[in-house]
Amino acid sequence: MPLPQSEPVIRVIAKPADTNANGDIFGGWLMGHLDMASGSIAARLARGRVATVAMDGMQFLHPVKVGDEVSVYGTVTKIGRTSITMVVEAWRRHRFEDEATKVTEATFTLVAIDDTGRPRPVVQE
């Protein structure tokens with residue numbers, strides 16, 4: 001499976017504090033990074049504040065270990081009147097290797113919101 005052609009939105013090293021009771025990286029830590037990446041992409045496109053309203057289809061394909069470099073990529077699939085939908089993927093690379101492995105992906109839907117938290121139109125140029 002080839003890496004996405006775009007630059008990663010987030011790149012981080014997994015640390016011992018990010019592990020679960022089995023010593024693998026906690027799934028919630030990984031989900032948080034996917035959510036941050038989707039929010040970063042959507043906020044830039046919406047030219048303002050956004051909120052995650054849905055995350056669908058996440059499966060953990062491979063574990064992430066301490067010391068792995070995790071890169072998160074996002075591809076926008078739809079821009080609606082107030083929402084942005086995208087597929088976000090996480091890939092891990094062992095610190096002593098060149099090859100990356102896809103560890104998870106999910107579809108995120110975010111809504112552009114105003115200062116009161118109400119949906120607003122996505123600003124498009």
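The dialogue below takes up the overall fold and then the helix.

Reply: This is a predicted model, in which local features need pLDDT of at least 70, side-chain atom pairs count only at pLDDT 80 or more, and totals for chains, interfaces and linings use all residues. Residues are numbered from 1 along each chain as its sequence is written, and side-chain values use heavy atoms, with hydrogens and water left out.

Me: Which pattern does the protein follow along the sequence?

Reply: Helices (H or I, at least four residues) and strands (E, at least two) are DSSP runs, numbered from the N terminus. Here there are 1 helix and 5 strands, in the order β-α-β-β-β-β. The radius of gyration, taken over C-alpha atoms, is 15 Å, close to the 14 Å from the globule rule (2.2 Å times the number of residues to the power 0.38) for 125 residues, so the protein is as compact as a globular protein of that length.

Me: What span does helix H1 reach?

Reply: The expected span is 1.5 Å times one less than the number of residues. H1, residues 27–46, reaches 28 Å from its first C-alpha to its last, close to the 28 Å expected for its 20 residues. Arginine 47, with a positive phi near 60°, follows H1.

Me: Which residues in H1 are buried?

Reply: An α-helix has 3.6 residues a turn, so residues three or four places apart point the same way. Buried means under 20% relative accessible area (1.4 Å probe, protein chains only). In H1 the buried residues include Leu30, His33, Leu34, Ala37 and Ile41. Among the elements that cover the buried residues of H1 are strands S1 (10–13) and S5 (100–112).

Note on methods:
Buried means under 20% relative accessible area, exposed over 50%, partly exposed in between (1.4 Å probe, protein chains only). Contact means heavy atoms within 4.5 Å.
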